[in-house]
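Here are my notes on this model, as numbered points. Please read them with the structure open.

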Amino acid sequence: MTLSTRIQTLTGGGSDGWDVFYRARRMIAEGQQITELTIGEHDIRTSRDILDAMHAAAVGGHTGYALVPGTPKLRQAVADRIAATTGVPTGPENVVITPGGQAALFAAHMAVCDPGDRALYIDPYYATYPGTLRSAGAVPDAIIARPRHGFQPLAEDVAAKAPGARSLLINSPNNPTGAVYSRATLEGIAQVCRDHDLWLISDEVYDSQVWEGEHVSPRALPGMAGRTLVVGSMSKSHAMTGSRIGWICGPAAAIDSLITLATHTNYGVPGFIQDAAHYALGRGPELETAVAAPFRRRAALTRDLLAGQNVVKAAPIQGAMYTMLDIRATGLTGEAFANALLDAEKIAVMPGESFGQAAGGHVRVAMTIADDHYAEALGRVLAFAARHAKGG
Ligand code: PMP
């Protein structure tokens, strides 16, 4: 029996730069000691009090079908967080709870794109993006953000692709580059969205992880609240990756349609998970700052280590749990560098090519291991690069 063309072409085919990742996984399975700097996952687990709240909710009976849009108190708590952090008046009618940010990305594109519509996104991109857009029936079309611009997309590059497109997906703070889009970048993008009547889908799952600059939600810019769907998640801000809980925030009419979609797809998020998320949000910004603190420290460690050498450059380390190292001085591609590093130093990093074309000659380092191990491993990555530098 044949499967749908849609599902068979989801990943676009070809080598996608994940070979290094899977090779590292195999080496670990064989018992080799590999330092893993590939994954965007905290080295802490969900905190005990959040789990206690989850347990209490489950034992208390919140194990039946939960309300599909999300519980009223959680929708309110998410709306309050968004209103507090962005200044945009936001109510529960502007929020639908989703099984994580990933499901939110898919649902948001289902809501705005018809089959065959062109959906824009920025390269370098979070690995799932093109497949997510395809699974929603859209045709992904990448806009390059260049290393020399600190991976900030230029409005003129967006404008060049905008005519006839339906939506634009952006992500700040950014995975994989660690860029935080400046207000000027976002204002330029917003202008293009207004000029070309684009929906803006703003993936803000790293909004609590900003090391330099400020997090500006483009929904707060003039004329944008009616055309922006914000994707949020408890995964990164509260170390709740495994709980699969996130949201979409947008105009009430869009949220109504997204609730209809949720009814016919995931049918809501478990009630005890929602109660735990409500409890976690109730702990306020202090918890989010504490969860983000290790990455803030490691971002500073990274800057210090980079300052002590001149072979590897880095994109500005502004936010999220990643550093994008520019290893072009070695003359190697990101993939060749990552493979050689894995063999020689038993350190696994992601080739920049895994995230599109724009990050070729780069590797992404996830700052997701304990500070001392992280500093030691990064030191070895830099020494390895120095040995391979052209003429070195
Ligand atoms: N967007 C970005 C940029 C991400 O890095 C991730 C997870 N790594 C997600 C969305 C999805 O996160 P989740 O589904 O856990 O909320």
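What is the volume of the second largest cavity? About 40 Å³. This is a predicted model, so local features need pLDDT of at least 70, side-chain atom pairs count only at pLDDT 80 or more, and totals for chains, interfaces and linings use all residues. Residues are numbered from 1 along each chain as its sequence is written, and side-chain values use heavy atoms, with hydrogens and water left out.

1. Cavities. The structure holds three cavities of 30 Å³ or more. A cavity is a set of points, on a 1 Å grid over the protein atoms alone, where a 1.4 Å probe fits but cannot get out; lining residues have an atom within 4 Å of a point. Grid points are joined across faces, edges and corners, and a volume is the space filled by probe spheres set on the points.

2. The largest cavity. The space in the largest cavity is about 120 Å³. Its lining counts 15 residues, and Arg81, Ile82, Glu204, Asp207 and Val230 lie nearest its centre. Helix 4 (72-86) and strand 7 (228-233) each give at least two residues to this lining. Helices (H or I, at least four residues) and strands (E, at least two) are DSSP runs, numbered from the N terminus. The lining divides into five nonpolar, six polar and four charged residues. Here Ala, Val, Leu, Ile, Met, Phe, Trp, Tyr, Cys and Pro count as nonpolar, Asp, Glu, Lys and Arg as charged, and the others, Gly among them, as polar.

3. The second largest cavity. Residues lining the second largest cavity include Ile122, Pro124, Tyr125, Leu169 and Asn171. Strand 5 (residues 167-171) gives the largest share of this lining, three residues. By class there are seven nonpolar, three polar and no charged residues.

4. Cis prolines. Pro124 sits in the loop between strand 3 (118-123) and helix 6 (129-135). A cis bond also joins Ser172 and Pro173, with omega about -10°. Pro173 is in the loop between strand 5 and helix 8 (183-196). Most peptide bonds are trans.

5. Positive phi. Most residues other than glycine have a negative phi. Arg244 has phi near 55°, in the loop between helix 9 (234-237) and strand 8 (246-249). Ala320 has phi of about 65°, in the loop between strand 9 (313-314) and strand 10. Are these two buried or partly exposed? Arg244 is partly exposed at 36% relative accessibility, while Ala320 is buried at 0%. Buried means under 20% relative accessible area, exposed over 50%, partly exposed in between (1.4 Å probe, protein chains only).

6. Helix 14. Helix 14 (residues 371-388) has 18 residues and reaches 26 Å from first C-alpha to last, close to the 26 Å expected at 1.5 Å a residue. The expected span is 1.5 Å times one less than the number of residues. Buried here are Tyr374, Ala377, Leu378, Val381, Leu382, Phe384 and Ala385. They lie on the same side of helix 14 because they cover an arc of only 160° around the axis. That arc is taken over directions from the helix axis to the C-beta atoms. Their cover includes helix 12 (284-307), strand 10 (322-326) and helix 13 (334-345), where contact means heavy atoms within 4.5 Å.

Notes: 1 Å grid on protein atoms, 1.4 Å probe; cavity = no way out; pocket = protein on both sides within 12 Å on 5 of 7 lines; lining within 4 Å.
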